[in-house]
Amino acid sequence: MVDTNISVIGLGKLGLPIVVVLAKSGFNVTGIDTNKKLVEDLNTDCFCSMEPDLLSYLRKYGSSISFTNQPSNVRNTTVSFIIVPTPSTENNMFDPSLVINAVREIGKELRDVDHKHLFVIVSTVMPGDTIDKIIPTIEDALGKKHGEGFDLCYNPEFIAIGRVIYDLENPDKVLIGSENINAANRLKDIYTDVFATNSTKPKFISVNNTEAEIIKIHINSMVTAKITYANMITDLCETFPGVDIDRVTEGVGSDYRIGNKYLTGGLGFGGPCFPRDNLATQALYIRKGLNNYKIPLDIHFFNRDIPTKVSIITKKISQDRFGGRKDLTIGVIGASYKNDTICLDESQAVSIIGYLSKIFYKVMVYQKGLSVEMLLDCMRSNLAMPHVHNVSVESDMSKIVEYSNIIILPVLDPQTIFQEFNEVISRYKIGDKYFIDCWRQMPDKPNVIKFGLYHPIRDVKLQHWAD
Ligand SMILES: NC(=O)c1ccc[n+]([C@@H]2O[C@H](COP(=O)([O-])OP(=O)(O)OC[C@H]3O[C@@H](n4cnc5c(N)ncnc54)[C@H](O)[C@@H]3O)[C@@H](O)[C@H]2O)c1
């Protein structure tokens with residue numbers, strides 16, 4: 001069977017990039033979403049996104065794509081990728097309700113269709129949910145047995161916001177969970193077309209559904225462990241005079257079993273996946289009665305406390321260099337959880353902004369494409385800060401540099417922001433301004449406080465850096 005017509009259910013941060021990548025690979029794609037406004041925007045070219053290549057791919061491959069709110073359109077396709085939200089519950093599990101609703105609806109639509117539909121679950125789900133909840137729902141709705149009347153694969157993606165299309169087109173691996181080889185082979189055939197022009201082909205990892213579910217959350221949880229290790233080593237290095245955290249992590253990462261990726265001391269992890277996948281991993285162990293296994297929880301608490309280190313350093317500088325003045329303005333260059341996106345999910349920069357807004361007269365934030373309402377909404381929901389009046393968002397970086405006394409650089413990546421930043425600071429007299437360089441990206445300057453190369457909580461040697 002050759003699957004040329006594919007539907008994608010859920011056109012969000014991950015779903016829409018999957019639509020365009022499939023269309024580019026020669027498939028006819030039907031994008032289905034319950035959000036009427038989103039579908040209208042996509043159909044009238046009013047859709048906006050900062051995700052690299054997304055808009056250009058939509059324009060270029062749009063003739064192979066249709067967008068609709070109608071689930072009945074799955075009838076014209078033989079494969080459905082399901083990428084709807086699975087929000088975290090109070091006990092940190094992924095709630096599969098929207099996936100279950102979506103597959104139920106598709107199943108009903110396909111009752112009288114005689115092809116063997118392939119369901120591809122991309123949404124992140126708890127280990128066991130595909131077998132225990134999703135497959136039985138489809139069997140009921142469709143009136144056919146798994147393997148006989150339909151195929152199913154669990155196929156999570158490993159992408160980072162701000163490079164979703166690149167990551168989809170150039171993965172190191174494709175993880176396919178399935179209970180039968182035919183289902184996995186159908187999905188592999190689709191990916192063979194997606195990677196047809198790649199010089200290095202990704203590795204296919206074919207396992208059963210539950211194994212794939214366990215692998216997905218443990219990959220992310222183990223990356224959070226690595227990031228946490230880098231930050232733990234940072235704290236240790238700060239206790240030794242003359243020890244450079246970057247030389248230490250480079251040495252540790254040079255071991256071929258470890259590697260340097262994600263092994264840089266600085267701020268912690270954030271975003272829509274790492275924090276909740278790590279907590280879901282912990283929740284899974286508890287659910288299975290393995291109550292003594294607390295590593296993910298330790299990682300969570302360690303990570304959660306990192307932004308407080310920045311606010312402690314900022315307070316120290318305000319005392320030591322500004323005589324504890326109450327009217328200081330703090331500038332923060334970047335609020336998103338990483339570069340190349342305005343996604344604020346679990347952003348450590350937002351936590352820093354929240355803590356600083358409680359201490360200082362004013363906090364000015366630089367982030368292109370971000371509104372102050374978006375930032376305040378995030379602070380209300382993530383930090384339980386309902387009334388914040390002293391935070392502003394600026395799209396002109398020079399305003400921040402001009403008016404701030406202390407400037408914080410929480411986002412890792414010299415290319416995006418730093419070129420502009422270096423150009424802007426060259427226009428100002430920085431003698432009375434201080435910079436907290438969370439990732440040690442700035443060239444050496446007297447007023448730069450390099451996170452990890454200085455003793456923030458213990459004996460603060462500000463004098464050393466400022467003179
Ligand atoms: N965003 C990421 O970086 C990322 C990475 C890996 C995995 N995931 C997983 O992918 C899933 C989706 O994440 P996202 O970030 O793309 O979500 P999102 O919130 O950006 O988008 C989800 C879309 O699904 C739509 N939707 C909800 N119910 C629907 C239904 N019944 N039928 C059709 N459309 C429906 C929503 O309107 C929305 O447009 C989640 O399980 C997430 O954990 C996301």
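## Helix 11 and helix 12

In this predicted model, helix 11 and helix 12 (residues 348-359) have axes that come within 9 Å and cross at roughly 40 degrees. Helix 11 and helix 12 are therefore oblique to each other, since angles under 35 degrees would count as roughly parallel and those from 65 to 115 as roughly perpendicular. The crossing of helix 11 past helix 12 is right-handed.

On the helix 11 side, the contact is formed by I306, P307, T308, V310, S311, T314 and K315. These residues meet Q348, S351, I352, Y355, L356 and I359 of helix 12. Sorted by class, the contact of helix 11 with helix 12 holds 7 nonpolar, 5 polar and 1 charged residues.

## Helix 8 and helix 11

Helix 11 (residues 295-322) also packs with helix 8 (residues 209-237), at an angle of about 50 degrees and with the axes 10 Å apart. Helix 8 and helix 11 are therefore oblique to each other. Their crossing is left-handed.

From helix 8, the residues in this contact are S221, T224, A225, T228, N231 and M232. Their partners in helix 11 are I295, P296, I299, F302, N303 and I306. The contact of helix 8 with helix 11 comprises 7 nonpolar and 5 polar residues, with no charged ones.

## Helix 1 and helix 3

A further helix pair is made up of helix 1 (residues 15-24) and helix 3 (residues 54-61), which pack at an angle of about 40 degrees with their axes 9 Å apart. That angle makes helix 1 oblique to helix 3. Helix 1 passes helix 3 in a left-handed crossing.

Helix 1 contributes L16, P17, V20, A23 and K24 to the contact, and helix 3 contributes L54, Y57, L58 and Y61. By class, the contact of helix 1 with helix 3 has 8 nonpolar residues and 1 charged residue, and no polar ones.

## Ligand surroundings

There are 27 residues around the ligand, and G10, G12, L14, S123 and T124 come nearest. Helix 4 (residues 97-109) gives the most to this shell, with 3 residues. The shell around the ligand divides by class into 15 nonpolar, 9 polar and 3 charged residues.

## Overall fold

The protein as a whole contains 16 helices and 14 strands. Its radius of gyration is 24 Å, close to the 23 Å that the globule rule gives for 467 residues, so the protein is as compact as a globular protein of that length. The C-alpha trace spans about 75 × 50 × 45 Å along its principal axes.

Definitions and conventions: Residues are numbered from 1 along each chain as its sequence is written. This is a predicted model: local features need pLDDT of at least 70, side-chain atom pairs count only at pLDDT 80 or more; totals for chains, interfaces and linings use all residues. A residue is near a molecule or strand if its C-beta atom, placed from the backbone, lies within 6 Å of it. Helices (H or I, at least four residues) and strands (E, at least two) are DSSP runs, numbered from the N terminus. Ala, Val, Leu, Ile, Met, Phe, Trp, Tyr, Cys and Pro count as nonpolar, Asp, Glu, Lys and Arg as charged, and the others, Gly among them, as polar. Axes are lines fitted to C-alpha atoms, for helices over the stretch in contact, and angles run from 0 to 180 degrees between N-to-C directions. Angles under 35 degrees count as roughly parallel, over 145 as roughly antiparallel, 65 to 115 as roughly perpendicular and the rest as oblique. A crossing is left-handed if the near helix is turned anticlockwise from the far one by less than a right angle, and right-handed if clockwise. Two residues are in contact if their C-beta atoms, placed from the backbone, lie within 7 Å. The radius of gyration is taken over C-alpha atoms; the globule rule is 2.2 Å times the number of residues to the power 0.38.
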